[in-house]
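Please look over the sequence and the model shown here before reading on.

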Amino acid sequence: MKQLLSASLVKKSLASHSWLGLCVGALMYLVCLSGTLAVFHHEWERWEQPNIEEGVTLASEQLQQAYAEAAQRMGEVHDIVISLPVEDNPRTVISADGQGWFVNADGSLGESINHGWTELVADLHLYLHLPHSWGMIVVSILGALLCGLIISGVLAHPGLFRDAFSLRADGARLEQVDIHNRLSVWGAPFHLMIAITGAFFGLAQFTGLLVAMAFYDGDSEAMLEELYGGHPHVEQSASVAQVSKALAQMPQIAPQATPFYITVEHPGEDDQFMLVGARHPERLIYAEQYRFTADGEYIDHVGFSDGAAGQQFIFSVYRIHFGHFGGLTTKILFLIAGLALTIVSVTGINIWLHKRKHRDAINNLWAALVWGAPLALVILAIVDLYAGVASVGLYWVLTVACMAAAQWRDDEVSTRFGLQCLTSVALVLLVLSHGLQFGWLTNPAANSINLSFIVTALLLLGWGRFSRRRAQGTRLSEETVAQAGRA
Amino acid sequence: MDIFSPVLSLLLSAGGVGCLYAAWRQKQSAPLLIAFGWGGLLVSLVTWSGLLGVEFGVTYALIALSLVAWLLVGLSAGSSRVKLKAKPSLPLSRPLLRTLGKHTGLLFLAVVLAGVVAAFVGVGVLRVLPMERANTVIVSILLFPLVWGGLSCWYCAAERLLKPVLISVAAGALGALAIFL
């Protein structure tokens with residue numbers, strides 16, 4: 001590698017990497033942190049409402065009854081989605097336009113959906129809490145710039161193989177450099193995949209316009225029809241879609257597939273039709289969609305499982321990005337890999353801070369952002385448990401308050417330790433609050449999350465004490481050096 | 001043992017990275033270990049794919065590679081303590097207007113111009129390649145962030161911006177011609 005890249009190219013690439021990293025480091029950190037949490041969004045939802053009946057498979061009549069009642073309650077909506085029980089979310093939910101209900105075992109509509117905190121985390125990841133249209137674009141641009149950071153990072157690293165496994169734990173700059181480089185080099189395939197699929201969500205609409213001009217004579221509708229399947233031509237009279245009839249035919253139509261949602265498009269209108277989404281074994285596609293008339297007559301399938309490679313890929317992006325395949329094992333692997341990318345974002349800025357010859361407000365604000373963000377999320381979860389409100393405004397007030405406190409204290413080591421301790425305490429309080437409100441043993445997902453909160457609190461406290469002691473050791477060295485200098 | 005068993009796949013991934021690690025620890029060059037390392041990782045791609053299908057298999061093989069490597073990095077961590085000079089605390093300095101302007105300009109180029117050029121180049125290049133239409137759409141959408149990121153790097157690395165800007169704008173214009181003509 002050293003022979004391949006000139007010293008000048010390495011130097012320029014490093015400058016480019018630093019500049020891009022500093023531009024996007026803080027936003028990248030928030031997106032990576034929230035994205036790592038969002039891998040478990042089904043489990044968070046089950047934790048937020050742990051007393052919902054789980055694992056109930058509804059009989060056909062009960063599902064039909066539930067749909068009819070929900071459609072009547074919802075009134076005029078664009079589409080209604082029925083989520084069927086699956087392994088990581090074993091609940092039946094009917095939802096549309098931000099409202100929805102769980103379905104009880106007898107087919108009646110139960111508790112309303114209330115996933116305020118999970119949505120707050122998802123909104124931070126998808127939109128950075130900006131207005132959705134803008135936020136999605138900003139986050140997707142971060143995906144493109146992450147590609148740039150990966151390219152410049154590789155070019156800036158001539159000792160890629162020489163340093164492949166080295167980690168100099170000196171508690172200072174070299175440690176940050178090594179953690180940054182080792183996590184990013186060995187995680188590069190995963191990070192690149194996350195960057196490209198992440199950019200896809202918001203930027204596809206823009207390239208889509210150009211693609212439509214180049215390949216579809218400017219007809220975006222034609223392009224979308226070819227990729228996603230258009231609206232089928234239907235002639236029917238049914239006013240309430242026969243969802244159960246459609247679902248009952250799936251074992252004959254696709255015996256290998258597992259249906260997990262039904263979407264009724266334009267419910268109650270003349271052109272309404274149904275899409276039954278079904279998962280195929282050993283495939284990354286989110287679902288193959290089987291189309292039915294409102295009367296429950298099978299029309300066709302869209303072709304995500306056997307169409308052009310491009311069409312198959314477009315419906316795989318979601319599962320690849322969020323690790324929603326292969327069950328809990330994959331989610332844990334994505335959690336680890338996502339945390340690695342989060343740490344890469346933080347250590348990148350830390351390296352820059354270490355390089356500077358002075359310290360200023362940026363040192364304080366950065367420590368407060370990094371350790372204040374998890375604290376704010378935990379406090380929001382507690383507030384949501386008691387008040388039923390997960391306010392974006394409150395999240396940012398808490399983050400800014402952490403920054404103000406850090407600047408007032410003017411010592412990033414004690415700021416970091418203080419926020420780590422507060423987060424540990426808040427995590428324990430959160431588990432206690434959850435237990436008091438819903439009971440100590442609820443569903444397996446909620447129990448595991450509560451247990452992981454306690455473990456995280458202990459690890460955080462242990463890590464906080466260790467890193468503070470180490471930093472104090474360095475400070476003693478600083479004093480020694482200063483005394484030696486004076487002598 | 002079944003050739004496509006999870007244990008064998010995991011062993012191949014771990015063994016592959018392990019060989020690379022062993023080669024790295026040796027003071028002399030160890031081409032055989034390196035060859036075994038990369039070979040093992042390539043075979044692990046095949047066994048993971050045989051076990052879980054190509055799509056899941058490749059994903060698992062790559063993630064297994066990362067995790068095993070990180071584990072070995074953690075195990076090989078060397079501890080040392082450095083003595084640092086205390087850094088003076090300074091008030092936050094206000095950037096010069098000229099510096100601010102320079103960075104804003106660079107941000108505009110790295111984000112806006114690079115994005116526009118990447119879109120035109122990505123779609124324009126595929127216009128002249130013989131591919132199925134649905135695949136072309138996806139390839140262009142996937143290429144887009146890579147080209148964008150690459151251009152951003154180029155702009156940020158350049159000492160003089162004129163050359164990369166002119167070349168990329170020209171490439172973007174060619175892409176636009178391919179799209180609209």
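What radius of gyration does chain A have, with its 487 residues? Chain A has 26 Å, which agrees with the value near 23 Å that a compact globule of 487 residues would have; the radius is taken over C-alpha atoms, and the globule rule is 2.2 Å times the number of residues to the power 0.38. This is a predicted model, in which local features need pLDDT of at least 70 and side-chain atom pairs count only at pLDDT 80 or more, while totals for chains, interfaces and linings use all residues. Residues are numbered from 1 along each chain as its sequence is written, chains are lettered from A and ligands numbered from 1 in the order in which they are written, and side-chain values use heavy atoms, with hydrogens and water left out.

**Chain A overall**
- Chain A has 16 helices and nine strands, where helices (H or I, at least four residues) and strands (E, at least two) are DSSP runs numbered from the N terminus.
- The C-alpha trace of chain A spans about 95 × 60 × 35 Å along its principal axes, and 55% of the 487 residues are buried, meaning under 20% relative accessible area with a 1.4 Å probe and protein chains only.
- The accessible surface of chain A is about 20,800 Å², with 62% belonging to carbon and sulfur atoms, as given by the Shrake-Rupley method with a 1.4 Å probe.

**Chain B overall**
- Chain B contains six helices and one strand, and from the N terminus its elements follow the order α-α-α-β-α-α-α.
- The radius of gyration of chain B is 24 Å, well over the 16 Å that the globule rule gives for 181 residues, so chain B is more spread out than a compact globule.
- The C-alpha trace of chain B spans about 60 × 60 × 30 Å along its principal axes, and 39% of its 181 residues count as buried.
- Chain B exposes about 10,300 Å², of which carbon and sulfur atoms supply 73%.

**The sheet in chain A**
- Eight strands of chain A form an open sheet in the order 4-3-2-1-6-7-8-9 with antiparallel pairing, two strands being paired if DSSP finds at least two bridges between them.
- At the edges are strand 4 (109–112) and strand 9 (298–301) of chain A, each of which pairs on one side only.
- Strand 6 (residues 258–265) and strand 7 (residues 273–279) of chain A run antiparallel and are joined by seven bridges, with Val264(A) standing opposite Met274(A) in strand 7.

**Nonpolar cores**
- A nonpolar core is a set of buried Ala, Val, Leu, Ile, Met, Phe, Trp, Tyr and Cys residues joined through side-chain atoms within 4.5 Å.
- The largest nonpolar core has 123 residues, and Tyr29(A), Trp148(B) and Tyr155(B) touch the most other members.
- A second, separate core of 30 residues includes Ala71(A), Ile80(A), Leu109(A) and Val264(A).

**Trp70 of chain B**
- Trp70(B) lies in helix 3 (residues 54–75) of chain B and counts as buried at 13% relative accessibility.
- Leaving aside neighbours within four places in sequence, Trp70(B) is in contact (heavy atoms within 4.5 Å) with residues of chain A, among them Arg182(A), Trp186(A) and Ile336(A).

Definitions and conventions: Buried means under 20% relative accessible area, exposed over 50%, partly exposed in between (1.4 Å probe, protein chains only).
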